[in-house]
Amino acid sequence: MIKIKNYIISLIISIGIGQISGFLTKNASKNFSSNFNQSALTPPDWVFPVVWVILFFLMGISATLVYESDCKYKKYGLLVYGVQLVFNFLWSMFFFLGEQFVLSFGWLTILILVVVGMILLFYKCNKTASYLQIPYLVWLLFALYLNYIVVILN
């Protein structure tokens, strides 16, 4: 049986972290386009919050599916999930507030590895939960490319 409360709590956590990150970096990210050279493939500014809300929504649903499973790996999967949320949050601080583009690139590389580990653990608990993380991984790989171009051009 679906426990709506678990989904609500999980969505509040995932989307909430994204919203806090967005709030803290709002001014810096608005000025980013005019202050730094970027890839020609960089999407318009409005795309980022739309994509991130969708991704954080999928993360929250995915985490709930694992939480509700009877899998022996769920504790580890959810721990890695929490770690990746922290890494995700801090990347924005390093990149937009600190303008530490090389550090951000390395941090994002580690985040991608953590997310791959999370996906593998989630797969052992609930295949759907792991599949819901694939768009996030793809977006992070694209973000890694964008971050790399910022390092090269600036």
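Start by selecting Gln 100: with a relative accessibility of 43%, Gln 100 counts as partly exposed (buried is under 20% relative accessible area, exposed is over 50%, and partly exposed lies in between, using a 1.4 Å probe and protein chains only). What you have open is a predicted model, where local features need pLDDT of at least 70 and side-chain atom pairs count only at pLDDT 80 or more, while totals for chains, interfaces and linings use all residues. Residues are numbered from 1 along each chain as its sequence is written, and side-chain values use heavy atoms, with hydrogens and water left out.

**Stop one: the loop around Gln 100**

Gln 100 sits in the loop between helix 3 and helix 4. Helices here are DSSP runs (H or I, at least four residues), numbered from the N terminus. Now show what surrounds Gln 100: leaving aside neighbours within four places in sequence, it is in contact with Phe 94 and Phe 95 (contact means heavy atoms within 4.5 Å). Gln 100 and Val 151 are 51 residues apart in sequence, yet their C-alpha atoms are 9.1 Å apart in space.

Step back to Glu 99, which has its place in the loop between helix 3 (74–97) and helix 4 (101–125). Most residues other than glycine have a negative phi. Glu 99 is partly exposed, with a relative accessible area of 40%.

**Stop two: along helix 1**

Next, select Thr 25, in helix 1 (residues 4–35). Is Thr 25 buried or exposed? It counts as buried, because its relative accessibility is 5%. A polar atom of the Thr 25 side chain lies 2.8 Å from the backbone oxygen of Ser 21. That pair is a polar contact (N or O atoms within 3.5 Å; within protein, one must be able to donate a hydrogen and the other to accept it, and residues adjacent in sequence count only if both atoms are side-chain atoms). Leaving aside neighbours within four places in sequence, Thr 25 is in contact with Ser 92, Met 93, Phe 96 and Leu 97.

Slide along to Lys 30, also in helix 1. Lys 30 is exposed, with a relative accessible area of 53%.

Move on to Ser 39, in the loop between helix 1 and helix 2. Ser 39 is buried, with a relative accessible area of 10%. Its side chain reaches the backbone nitrogen of Leu 41 at 2.9 Å. Beyond its neighbours within four places in sequence, Ser 39 is in contact with Tyr 145, Leu 146, Ile 149 and Leu 153.

Follow that list to Leu 153, which lies in helix 6. Leu 153 counts as partly exposed, at 42% relative accessibility. Setting aside neighbours within four places in sequence, Leu 153 is in contact with Asn 37, Gln 38 and Ser 39.

**Stop four: helix 2 against helix 6**

Now colour helix 2 (residues 47–67) and helix 6 (residues 134–153). Their axes come within 10 Å and cross at roughly 145° (axes are lines fitted to C-alpha atoms, for helices over the stretch in contact, and angles run from 0 to 180 degrees between N-to-C directions). Which residues make the contact? From helix 2, pick Val 47, Phe 48, Val 51, Trp 52, Leu 55, Leu 58 and Met 59; from helix 6, pick Pro 135, Tyr 136, Trp 139, Leu 140 and Leu 146.

**Stop five: Asn 126**

Select Asn 126, in the loop between helix 4 and helix 5 (127–131). Its side chain reaches the backbone nitrogen of Thr 128 at 3.0 Å. A polar atom of that side chain also lies 2.9 Å from the backbone nitrogen of Ala 129.

**Last stop: two annotated stretches**

The unreviewed UniProt entry carries the annotation "transmembrane region" for residues 7–26, 46–66, 78–98, 104–122 and 134–153 (positions follow the numbering used here, feature names are shortened, and annotations may be inferred rather than shown by experiment). Select residues 78–98: the chain there is 95% helix and 0% strand, with end C-alpha atoms 29 Å apart. Finish with residues 134–153, where the chain is 100% helix and 0% strand and the end C-alpha atoms are 29 Å apart.

Technical notes:
Helices (H or I, at least four residues) and strands (E, at least two) are DSSP runs, numbered from the N terminus.
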